[in-house]
Amino acid sequence: MTPYSRITGTGSYLPPRRVTNDDLAKDLATRGIETSDQWIVERTGIHARHFAAPDVTSSDLGLHAARHALEAAGRKASDVDLIIVATSTPDMVFPSSAAILQNKLGIAGCPAFDVQAVCSGFVYALTVADAMIRTGTARCALVVGAEVFSRILDFNDRTTCVLFGDGAGAVVLEASEEPGILASDLHADGKHVGILCVPGHVSGGNVLGTPLLHMDGQAVFKLAVRVLEEAARATLAKAGKLDSDIDWLIPHQANIRIMEGTAKKLKLPREKLIVTVNEHGNTSAASIPLALDEAVRSGKVKKGDTLMLEGVGGGFTWGAVLLNL
C-alpha cells in the first residue's frame, strides 16, 4: 500500500540577537535614512526581527531547528533517510546547505539537497518530501527552512531592509498509514523575476550585478494576495475540502496586510490566522515552519487539526499544502 506522509515533530530556532524597530531606526539614522517604529508597524505589522552573528550560517540555524524537531518526533538523526533544506541564503555556492547540515548531524549516506524557491521554499520542499515518501524513496524526512537574509539586505533602502530577519524551522515528515499531507499546489512564473530578486552572481572571483535584495513592494503585494487565494482554493479542491474545513491558516509571514487579505478571501476569521511576523519579520523559507512550531509548542495548534500552509516568493513562486497534523 502506498504510504501517506505525516508531520511527527516540529522545531525552530532564532538567533539570539533581537533587533527592534527602534534599534533599526537608530542604526539607519547613522546612514542618514529616516524611519520609525510607527512607520514600519503600520505598513508591515513587524515590531522586531532576529539577526544572526556574522559567522553563523543557514546550516547552523537549521541544525538547532532540526534537533528540536527530531526531539519532538522522538527520533534520532540516524533515523533520517532524506534531508531537504529550503534556503535562498546557502552557506556557500556549493555543496548544498543540506549536505553541510547532514554532516553536522553526524549522519551520512541519505540523499540531501537544497530547494531554492525563496519564500515558497518550505512549501516546495515539503511537497517534494511527501512525494518521495509516497513513492517509497524515503520513510523519515527532515525538511528544513533556514535563512540569513540579513546578509543580502540593502541597509540604504528602508523599504526593504526593515522587512526581513534570520531564523530556521524544521519538521520531521514520516511515512504513515494515516493521511497527513492531503494535497498541494505549486506554481512559478518567471516573467515576474524582476519584482523580487537579488540580481547578482559570482564570475571570475567577482560579484557581477548586485548581491543585495531588490523588491517592487506594490507589485509583489498585488500579485501575492491573488495567487495565494488561487493556490489555497486549488489545494482544497484537490483534497475535496472546503474553506470551513481549515482549522488554521499558516501563511508565509511577509506582511500582515497580505496575510489578513488572504484569510479574508478564504472567509476565515482573524482568529484562525497564525501570526509571527510581528516578532520574526520575513524570514523567507524559514517563516512557515517557524510559525508552525511556535503554534504547536504554544498549544494553539493541536494534533488532528487541519492546516493550510501557503507561501509566495521571488521567482515568482507560490504554492500551498493542506495537511492534518
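Rings of Phe, Tyr and Trp (its six-membered ring) pair if their centres lie within 6.5 Å; planes under 30 degrees apart count as stacked, over 60 as edge-to-face and the rest as tilted. The structure, a predicted model, holds two aromatic pairs. Local features need pLDDT of at least 70 and side-chain atom pairs count only at pLDDT 80 or more, while totals for chains, interfaces and linings use all residues of this predicted model. Residues are numbered from 1 along each chain as its sequence is written, and side-chain values use heavy atoms, with hydrogens and water left out.

**View 1. Aromatic pair of Phe 51 and Phe 155.** The two rings are edge-to-face, 6.2 Å centre to centre, with 80 degrees between the planes. Phe 51 belongs to the loop between strand 3 (48–50) and helix 3 (58–73), and Phe 155 to the loop between strand 6 (140–148) and helix 6, 104 residues apart. Helices (H or I, at least four residues) and strands (E, at least two) are DSSP runs, numbered from the N terminus.

**View 2. Aromatic pair of Phe 149 and Phe 164.** This pair is stacked, at 5.1 Å centre to centre and 25 degrees between the planes. Phe 149 sits in the loop between strand 6 and helix 6, and Phe 164 in the loop between helix 6 and strand 7 (166–176), 15 residues apart. Both Phe 149 and Phe 164 are buried.

**View 3. Arg 158 and the ring of Trp 39.** The charged end of Arg 158 sits over the Trp 39 ring, 4.1 Å from its centre; the criterion is NZ of Lys or CZ of Arg within 6 Å of the ring centre and within 35 degrees of the ring normal.

**View 4. Residues lining the largest pocket.** The lining has 28 residues, of which Ser 88, Thr 89, Pro 90, Ile 152 and Val 198 lie nearest the centre of the pocket. A pocket is an open set of points on a 1 Å grid over the protein atoms alone, where a 1.4 Å probe fits, with protein on both sides within 12 Å along at least five of seven lines; lining residues have an atom within 4 Å of a point. Strand 10 gives the most to this lining, three residues.

**View 5. Residues lining the second largest pocket.** Among its 24 lining residues, Thr 159, Leu 163, Met 215, Gly 217 and Asn 255 lie nearest the centre. Helix 7 supplies the largest share of the lining, five residues.

Methods. Buried < 20%, exposed > 50% of the residue type's maximum accessible area, 1.4 Å probe, protein only.
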